[in-house]
Amino acid sequence: MGILNRLFTANKKSVGPNQNHPISATPIHPVAPSQTGVMQPQRPKTLAELEAELAPPKAAQALQTHLHPSANPIAQARKLLARLIGIGVVLGIPVGALWMINLPYSPIRRPIARTAPILLLPSYISIDENYRDAIALVEQSDQLINQVTSDADIELGEQKVMQAQESLEALPISFLYEFPEYRSWWYSWRFSPAQFDHARIRISELEAKVFQEKNARTLLVDAEAALTQAKQPYQQATTMSDKQSAIAAWRSALAQFEQIPSATFAGRSAQQKLVVYQREFEETVGLAAQNAQVASIIEAARGFAWEAAKLGQNPPHSAAEWQQIESLWMEAIAPLERIPPEDVVGYAEAQQLLATYRSNLGQVKIRRQAETDSVKALQLAQQQIQALQASTPDNADDLNRNRTISQLEGIVNQLHQVENGTTAYAEAQRLLFFAQNKLKELQP
């Protein structure tokens, strides 16, 4: 407005006071060309629009803000922030108090549960959710673990068990045992201690089951790795000795599958795989495996025979020692007798060894019996000598002499029964020498 007034005043001065040029009150409408070429009058501008066009940009903006204060974004933001702070203060005090009341501490919850249980509604809703989640998760994990169909079921079941355990641990047990139910208006809930204890027991059982399943799966993985490793040496073996070693390692790897507990999912899988692996072993190894088994039996028999022959050296031996040697020969003979005649090469070698071992066993039995009889003969002769010494007088007449000679002859015959190669033979020969000399002195 001030700018237009100044323009209007300047315009009046230029005309002068003595010049009568009145200004027409009729506004001048600028004319603009139309599309048809005919000049058309335009809409007249308002006083505010003219001032905005003539004013500088900053002044126009200040003028617009003065005319329309609601268009200022800073003022609007400050007003909105003030409103939000007021609402937060109004709502924050009761919400904070309700949050403090529902803290998981029995000293806080207990008096509230007795006087104003409605304030504990958020706690009961949270307890109800954890309780129901724990029961549902226990059922799901039980289904996955006890009726497992794959390793993924075990992994998922373990996750369910952990989630159920977390839900149970989130329950305030001491508070629930004191206030097991909640009823207020439309919401009601009751805690079951028996169901809670059953859920804890089931979680412990399921954790143990998961542990067994994971251990069995580890055994299965190790057995499969050992089997894969045992196959390679057999394929690369060039000598019979190398093949036998590879077959033994292969057989040992197959035995690991039988050690996996059959009550587990991995154990059941191992039994199914073992059938296939054993068929592959028999088809791949075939007669070589049987020959290796027979060779191992023969080698074991040779070991027992070697020990028996070593103990039988440097006789004489006592009857107990001969009994031990006899047992070793029997241990060497027994496995050779089980070699089937279908294995032609192994059976022929086993029969040759059996002929030798049985002959050695017969000789040991004879030596043991001879040792037993010789020891008995020596003991009887010694008893007769003691009886003769006790009954013979110093001054013997002809009758006593004849009886003494008869007793000495019986002692000599008894000592002759002690066989050479026994432990009693040396003592028997010593006593026989004295008896024969005494007999020569008494004979006329």
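How many aromatic pairs does a search of the whole structure find? I ran it on this predicted model and got four.

I picked out Trp-329 and Tyr-357. Their ring centres sit 5.4 Å apart and the planes meet at 50°, so I noted the pair as tilted. A stacked pair would need planes under 30 degrees apart, and edge-to-face over 60. Next I looked up where the two residues are. Trp-329 belongs to helix α13 (residues 319-337) and Tyr-357 to helix α14 (residues 344-391), so this pair ties together parts 28 residues apart in sequence. Are the two buried or exposed? Trp-329 is buried at 5% relative accessible area, and Tyr-357 is buried too, at 7%.

**Entry: α7 against α9**

I then turned to helix α7 (residues 151-169) and helix α9 (residues 193-236). They pack at an angle of about 145°, their axes 10 Å apart. I wrote the crossing down as left-handed. On the α7 side, the residues in contact include Ile-154, Val-161 and Leu-168; on the α9 side, Phe-196, Ile-203 and Glu-213 are among them. Sorted by class, this contact holds nine nonpolar residues, one polar and eight charged.

**Entry: Glu-213**

Glu-213 sits in helix α9. Is Glu-213 buried or exposed? Its relative accessible area is 3%, so with the cut-off for buried at under 20%, I logged Glu-213 as buried. Leaving out residues up to four places away in sequence, I found Glu-213 touching Ile-154, Ala-263, Thr-264, Phe-265 and Ala-266. Ile-154 was already in my notes as part of α7.

How values were computed. Residues are numbered from 1 along each chain as its sequence is written. This is a predicted model: local features need pLDDT of at least 70, side-chain atom pairs count only at pLDDT 80 or more; totals for chains, interfaces and linings use all residues. Side-chain values use heavy atoms; hydrogens and water are left out. Rings of Phe, Tyr and Trp (its six-membered ring) pair if their centres lie within 6.5 Å; planes under 30 degrees apart count as stacked, over 60 as edge-to-face and the rest as tilted. Helices (H or I, at least four residues) and strands (E, at least two) are DSSP runs, numbered from the N terminus. Buried means under 20% relative accessible area, exposed over 50%, partly exposed in between (1.4 Å probe, protein chains only). Axes are lines fitted to C-alpha atoms, for helices over the stretch in contact, and angles run from 0 to 180 degrees between N-to-C directions. A crossing is left-handed if the near helix is turned anticlockwise from the far one by less than a right angle, and right-handed if clockwise. Contact means heavy atoms within 4.5 Å. Ala, Val, Leu, Ile, Met, Phe, Trp, Tyr, Cys and Pro count as nonpolar, Asp, Glu, Lys and Arg as charged, and the others, Gly among them, as polar.
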